[in-house]
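Q: Hi! I have a chain open here and would like to talk it through with you. Could you take a look with me?

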Amino acid sequence: MTLLTLAAKLIINMDKFSKKAKNILEGFTNEVTGKNQKLSDQRMEICQSCVKFHKNFCLRGRGGCGCFLPAKTTVEDEKCPVDKW
Ligand code: SF4
């Protein structure tokens with residue numbers, strides 16, 4: 001692997017990390033302020049009947065994303081890892 005390829009991969013990973021960090025912050029802010037509550041309610045209803053759902057988390061041990069769903073479901077550009085919403 002060349003240094004240039006390594007640098008390109010690092011930049012791509014940093015971009016993914018910063019998007020994830022931005023969405024986590026946005027989700028918790030939305031949850032506190034009540035933004036996108038209707039969207040969250042619709043998504044949470046789907047999650048609550050999913051086998052990966054446990055105590056408001058999407059369980060990584062069952063193939064889920066590991067996210068705290070009351071926050072994640074408020075973020076418009078977030079997605080269910082198995083395309084249920
Ligand atoms: S985000 Fe998707 S996989 Fe996770 S609990 Fe909700 S419906 Fe299930």
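Q: Among contacts between residues at least 6 apart in sequence, what share joins residues at least 24 apart?
A: That share is 55%, where a contact means two C-beta atoms, placed from the backbone, within 7 Å. Keep in mind that this is a predicted model: local features need pLDDT of at least 70, side-chain atom pairs count only at pLDDT 80 or more, and totals for chains, interfaces and linings use all residues. Residues are numbered from 1 along each chain as its sequence is written.

Q: Thanks! Which pattern does the protein follow along the sequence?
A: It reads α-α-β-β-α, with 3 helices and 2 strands in total. These are DSSP runs numbered from the N terminus: helices are H or I with at least four residues, strands are E with at least two.

Q: Let's zoom in on helix α2. Which of its residues are buried?
A: In α2 (residues 37-47), S40, R43 and C47 are buried. They fall within an arc of 70° seen down the helix axis, so they line one face of α2; the arc is that of the directions from the axis to the C-beta atoms. Buried is 20 or more other C-beta atoms within 10 Å of a residue's own, exposed is 12 or fewer, and partly exposed is in between, with C-beta atoms placed from the backbone.

Q: And which residues are exposed on the other side?
A: K38, D41, Q42 and E45 are.

Q: What covers the buried residues of α2?
A: The cover includes β1 (53-54), β2 (57-58) and α3 (69-72).

Q: Switching topic: how much of the whole protein is buried?
A: Buried residues are 19% of the 85.
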